[in-house]
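Please open the model in your viewer and keep the sequence panel beside it. The stops below are arranged so that each selection leads on to the next.

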Amino acid sequence: LDGAQTCTQWLATMTHVPKKAARRRLRVGARLRKRPAVEAAWRDGEITEAQVAAIVSLDTPSTAVALARDEELLVEQARTLRFEAFARALAYWRLLADRDGAEKDAEARRASREMHLSQSFDGMWFGNLTLDPVSGEIVSTALRRIEDELFLCDAREAEERLGPDPRPHEFLRTPEQRRVDALVEMAVRSASVPEGAQRPLPLINVLVDAPTTFERVCELASGAVVTAADVAPLVLRAEFERAVFSTPNRVDISTRSRLFTGATRRKIVVRDRGCQHEFCDRRAVVCQVDHVIPWSQGGLTTEENGRLLCGFHNRLRNQRPPPAA
């Protein structure tokens, strides 16, 4: 009656949002007809539009029965988890509810990998690339390791030039320039590897609790959930590490050791996978193992009393007392 040819046109005009956003909201709204628990939680302001869209995106013919069964469970996780952790939980759920569909999606991700690099008329190079989760993890880890080396070099140079405690914006290179230089250095190092040298082996952790069988659920160090098919090509050229958490109060190093080392440190890294501060998502590779009860106050160096904190939050914790409850 208003003369709008589609619901998208009407909603975009009446709510002053882009057509793309209107179209997305209509799709979500249509799927909510079958998701009463999700609709109620969204209406009451307990979960966000992004969480709603993530849940209803799981609604396919292959997952319809499982989603109806687990809808309340997923809504409860949406209420309590940070969005990144919630998205990872949904990815795990998808793997278990629709293994075949998840494997097909993984194959499509691997098939979509591509890279373009071209030179302009004035000699500059431009490019872009798309990597599947496993390939991206390998490249990102190597690049970040070299980038950290270059950061330390820049910090030392700035100290010699400006004195102690220079600020990052005073370094000669910006983070973007360091990243490019790290990529070039990675290429130079690959060309310098002697013929026949042993390739570095990827490390794969296998965590299985007592009543669980392998359910084809895998996760990269970055937290990305992948299928077993993503990891399978690495199996014959990888090192495996088993982490045992079943023995309570097990002591791998002296409980009065000042630092977490060896098996105790490794188990905490595998268990926590990232900074444990509620407002942080830094990965384990850049974190430190901190005593929950400080070592100076008699805290023991045990798995139960250890946790991962990034450098910032570890220093913050020691600089000021926690707020009163």
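Helices (H or I, at least four residues) and strands (E, at least two) are taken here as DSSP runs, numbered from the N terminus. Residues are numbered from 1 along each chain as its sequence is written. This is a predicted model, in which local features need pLDDT of at least 70 and side-chain atom pairs count only at pLDDT 80 or more, while totals for chains, interfaces and linings use all residues, and side-chain values use heavy atoms, with hydrogens and water left out.

Of its 325 residues, 30% count as buried, where buried means under 20% relative accessible area, exposed over 50%, and partly exposed in between (1.4 Å probe, protein chains only). The chain exposes about 21900 Å², of which carbon and sulfur atoms supply 56%; such areas come from the Shrake-Rupley method with a 1.4 Å probe, and for residues only the protein chains shown count as cover.

Next, select Asp-165, in the loop between helix 8 and helix 9. Asp-165 counts as exposed, because its relative accessibility is 69%. Its phi is positive, about 55°, although the residue is not a glycine. Most residues other than glycine have a negative phi. Arg-273 can be selected for comparison: this residue, also not a glycine, has a positive phi of about 65°, and it is found in the loop between helix 11 and strand 7. At a relative accessible area of 40%, Arg-273 is partly exposed.

Stay in that loop, between helix 11 (262-272) and strand 7, and move to Val-285, which counts as exposed at 56% relative accessibility.

Now show the second largest pocket, which has a volume of about 790 Å³. Of the 21 residues that line this pocket, Arg-144, Asp-148, Phe-151, Arg-282 and Val-286 are the closest to its centre. Two or more lining residues come from each of helix 8 (133-162), helix 9 (175-192), strand 7 (287-291) and helix 12 (311-319), and helix 8 gives the most, with six. On a 1 Å grid over the protein atoms alone, a pocket is an open set of points where a 1.4 Å probe fits, with protein on both sides within 12 Å along at least five of seven lines, and lining residues have an atom within 4 Å of a point. Grid points are joined across faces, edges and corners, and the volume is the space filled by probe spheres set on the points.

In helix 12, select His-313, which is buried, with a relative accessible area of 10%. Leaving aside residues up to four places away in sequence, His-313 touches Cys-275, His-277 and Cys-280, contact meaning heavy atoms within 4.5 Å.

Finally, turn to the largest nonpolar core, where Val-38, Val-52, Ile-55, Leu-74 and Leu-90 touch the most other members among its 19 residues. The elements giving two or more residues to this core are helix 2 (19-32), helix 3 (36-43), helix 4 (49-56), helix 5 (64-80) and helix 6 (83-97), and the largest share, five residues, comes from helix 5. A nonpolar core is a set of buried Ala, Val, Leu, Ile, Met, Phe, Trp, Tyr and Cys residues joined through side-chain atoms within 4.5 Å.
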